[in-house]
Amino acid sequence: MRLFSHLRPLPRLAPRLVAALALGASTLFASPAFADRVAVLPFPPSEPRAQSATEAAVVAQQHSLPAAPDLARGAAAVTDGSADTSSEYRAFGRAAAAAWTVRGTATPRPNGYRLELEVCQVETGRVELLAREVDDVGEVPQIGEMLALLLRHEGIANARLPWEGGPPKAPALPPTPPTPPTPPTPPTPPTVEHAYAEGRPLAIGASLGVAGAVGRPSNATGSATLVLLGASAAYHVESAPGLELRGNIEGAVAGPGALAIDVGARYALPLVASRRLFLLPDVGLGTFVTLGAQRDARFWARGAALASLGLGDRVALEAGPWVGVTPGGSGTLVFVGATARALVRF
């Protein structure tokens, strides 16, 4: 049995028909792959030229515009009469059967206008904004460059702006405030070199010392150690800086009874003048009186080396060793001792 015996061969025009269909299909699919219906919302009444140019740019990008009844249904879907939010854009677009809504604002310029386009993708509700300066000449191609970026399913993203030669600029950061200059370091105050006595020539003080007889007659008996309590007075000679005249009187408060009185001079040598630290070589002559069972007065000579530390310009502390010699009588006595003294200057 021949199942297809009733079919007749195609006429010779069939190849031409197939070629025509192929050409039509190629022409159809040569248009943009994402041609959509785009609803251009009403611009402010004072900007009809910018709205007309925007609609022309939509068509030039091979998209389509809704018919007037569709636009009327879209406007009716916006309850407050003016679509300016994502939800209102979507309501307008759904009612107008549009995939995109475009809302624009134009600000006049001397040779054109600044155009801001706000585009909403109705399906997702994504809203993007793009602005540029549009010239009077060639405004449709310029707006078309804006729409080519806005009417993309991937959005503007980091696309290069043809009219700026680079990607969209990030918002300008506020300028960094200048760093305040570092205040200059105050200069180190100069070191003050203090003079001895510093204009206070008169001084009085009290001392406590100890001495031991390292040389005495072979027949001497009793303790050879003395504890001495004394008083001092001194006068600094202003005309000869460093030179000071002084007098001491010391009495034994422990050990053999004795009294030593001498007057002399000393000279201040600066060790650390900024700290009021001085070395005082000291010499004196006087009398040494024994107060035991046999009272005797002898010649007395003493030499000392004292360190003096000023506590301000009024008080000074002194300390150091000394050697005293008293010849005569039954034999020469040699004492070695140490003294600590506090002075107040006037």
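Buried, here, means under 20% relative accessible area, with exposed over 50% and partly exposed in between, using a 1.4 Å probe and protein chains only. Helices are DSSP runs of H or I, at least four residues, and strands are E runs of at least two, numbered from the N terminus.

This is a predicted model: local features need pLDDT of at least 70, side-chain atom pairs count only at pLDDT 80 or more, and totals for chains, interfaces and linings use all residues. Residues are numbered from 1 along each chain as its sequence is written, and side-chain values use heavy atoms, without hydrogens or water.

Confidence next. pLDDT, the predictor's confidence in each residue from 0 to 100, has a chain mean of 85. It stays under 50 over residues 1-33.

Now α5. How many residues does α5 have? It has 12, and spans 17 Å from first C-alpha to last. The expected value is close, 16 Å, taking 1.5 Å times one less than the number of residues. Its buried residues are E139, Q142, I143, G144, M146, L147, L149 and L150. Their cover includes α2, β2, β3 and β4.

On to the cores. A nonpolar core is a set of buried Ala, Val, Leu, Ile, Met, Phe, Trp, Tyr and Cys residues joined through side-chain atoms within 4.5 Å. The largest has 25 residues. V102, Y113, L115, L117, L130, I143 and L147 have the most contacts inside it, contact being heavy atoms within 4.5 Å. α5 gives the most to this core: five residues. A second, separate core has 18 residues, among them A268, L280, F288 and W300.
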